[in-house]
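This report describes the fold, the packing and some individual residues of one protein chain. The sequence and the model come first.

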Amino acid sequence: MSQIGIALDLGTSGFRGQAVDLAKAEIIGTVLTARHPLPGANVMDHLNFAVDMGLDVAHSIIIATINQIIETLNVPCNDIRRLAVCGNPIQLSLFEEIEIRDLAYAGERKRKKLGIVSPNRDAKKLAARDIRGLALPADVEIYIPAAVKHEIGADALAMMVKSDLLTNSDITLVTDYGTNAEMALKVGDKIITGSCAAGPALEGQHIQYGMLAAPGAVHDIQPEKNGFRCYVLNDDMTSVPGDLVDLTRPGILEKGLANADGITGTGVIAVLYEGMKAQLIGLPKIKTADNRLHLGRHVSFSEHDITEAGKAIGAIRAGFVTLAMEAGIELGEIQTAYMAGASGTYVNALKALQIGLIPPGASKIYQIGNTSLAMARDIVIDPEQHLMLQELAQQLRANHCMFADSQVFSKSYLLELSLWGEGMPWDMYHQFSKMYGLTELIPPNLSAEVIRLYERDIPDLGYRGVSYIETVGYPSTVKFPGCTGCGICIKNCPEKALSIPEADDFVISIRPDRCNGTACKRCESQCPEKVFKFSLIPFAE
């Protein structure tokens, strides 16, 4: 009888799962979801949804998706011996179905007033029977790694371990580029951690033609001949030359090896860099006839996309400025940068450096892949690993920087918003930075060495390869008394999450994985009859 382990990465933009043959320590196959199952575009949206709609509802949606992943992995359920899950504290708390309100409220006074007691987020070994709704045999072992602070969880610990941050003698920064960007700065024997809600643009979301890293995604563009060559991920998640395009107009100049279906976060960085270099972008405007940059017949990049991307880039730069000042060093002293996650893998690192996503003085840049899934896999193969992470978490708890409470972060991010959203001139940026007492933002080191360790963010997809779940979780249906079936809620939904499958009965179908959640509720606010009530949607039936 085979013995199988399941490794899960509960990312903010989507889940990843792998089945592992435990006897051979061999990956069987990989499953990726196209998006996160909970309504919302970032980790705070997911948290707000869980607080507003109920922890039990959020937990049920997440577990239904995990069951969907395990089913898609197509391994005998009775052969599964253990499951390890990695992610940030919000995702892991929702998985375990434990108190989350302490993650929602930063102030101690507020938590005390509400009677909120933070649960134990140390490393745990549970059984499948302890996780409500998990479709596994009751005695399957469940491993949940420790968290550092309420912002920094097992995924951040994973990036430190898998990047060799702990043994590198340089002043080093490691960053997991995603919706919730975790960072760790090592100066001598001291490690300072931080986390910023960068927003979904680096995952290709809140971008009009954005998508996660998946087949058909433009992840880079390069000047070539009389246009720009799009580089696209193929079915094996490797980069191939796509169409040659003229950024100033729709259409293609020369057919490539793969069609562009959308643009991922790394493609956004490349378009920004090349657009500014070609003087087609003057922040925050695009200098073309239709104020768009075109990546083929059907995919383009807008001025709204610039603003969204700027929020993410600005948050990350403000983050490493804050950590440098917390450590008492200048930005130019950070010698080595590690880039983790899908965005950190597929992005052109030198373009990311010049855009502002990497400390400008770095002389070595490592691209290291999805460390969260890799750590979950290590724990599945060797469960003692989760105890090692527990020891590391305890060491780091005294050196965590809360960006939400940092005046340095607040001032630095304000400058970034002025730069990307208002077109603040660079000389004025530097003047205000000096006035605020911030560390100097030096020119980027254009001779930095880039070491890309893997071609894919998940280096080994297993002998069965990768499968994708496009419809994540399960749609909900609701019928509101007084609904006239006018369709205004459907027309105005920015993510196309709503439909009326039964027109005669005015039953509305909602896809939670597409819904922007409590941060949007446009469906409710624009209902002419005022009968649409978001709170009444039965998301977990």
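Predicted model: local features only at pLDDT ≥ 70, side-chain atom pairs only at ≥ 80, totals over all residues.

A residue is called buried under 20% relative accessible area, exposed over 50%, and partly exposed in between. Serine 525 has a relative accessibility of 45% and therefore counts as partly exposed. Its place is in helix 16, which covers residues 522-525.

**Overall form**

The chain contains 16 helices and 24 strands. Its C-alpha trace spans about 60 × 60 × 55 Å along the principal axes. The radius of gyration is 23 Å, which agrees with the value near 24 Å that a compact globule of 541 residues would have. Of the 541 residues, 58% are buried. Among contacts with a separation of 6 or more, 68% are between residues 24 or more positions apart.

**Nonpolar cores**

The largest nonpolar core holds 93 residues, and Ile6, Ile66 and Phe95 have the most contacts inside it. Helix 2, residues 55-73, gives the most to this core, contributing nine residues. Another core lies apart from it, with 71 residues that include Leu202, Phe228, Val232 and Ile329.

What does isoleucine 66 touch, once residues up to four places away in sequence are set aside? The residues are Leu8, Leu10, Phe15, Phe95 and Leu134.

**A buried strand residue**

Phenylalanine 301 is found in strand 17, residues 300-302. Its relative accessibility is 0%, so phenylalanine 301 counts as buried. Leaving aside neighbours within four places in sequence, phenylalanine 301 is in contact with Val268, Val271, Leu272, Ile286, Asn291, Arg292, Leu293 and Ile306. Phenylalanine 301 and glutamine 208 are 93 residues apart in sequence, while their C-alpha atoms are 7.3 Å apart in space.

**Backbone features in loops**

A cis peptide bond joins leucine 283 and proline 284, with omega at about 0°. Proline 284 sits in the loop between strand 14 (281-282) and strand 15 (285-286).

Two residues other than glycine have a positive phi: asparagine 74, near 55°, and glutamate 97, near 65°. Asparagine 74 belongs to the loop between helix 2 and strand 4 (80-87). Glutamate 97 lies in the loop that runs between helix 3 (89-96) and helix 4 (101-104).

Are asparagine 74 and glutamate 97 exposed or partly exposed? Asparagine 74 has 57% relative accessibility and so counts as exposed, whereas glutamate 97 has 26% and so counts as partly exposed. The table sets out the accessibility of the residues described above.

| Residue | Relative accessibility | Class |
|---|---|---|
| Asparagine 74 | 57% | exposed |
| Serine 525 | 45% | partly exposed |
| Glutamate 97 | 26% | partly exposed |
| Phenylalanine 301 | 0% | buried |

Terms used
Residues numbered from 1 in each chain as written. Heavy atoms only, no water. Helix = DSSP H or I, 4+ residues; strand = E, 2+ residues; numbered from the N terminus. Rg over C-alpha atoms; globule rule 2.2 N^0.38 Å. Buried < 20%, exposed > 50% of the residue type's maximum accessible area, 1.4 Å probe, protein only. Contact = heavy atoms within 4.5 Å. Core = buried A, V, L, I, M, F, W, Y, C linked by side-chain atoms within 4.5 Å.
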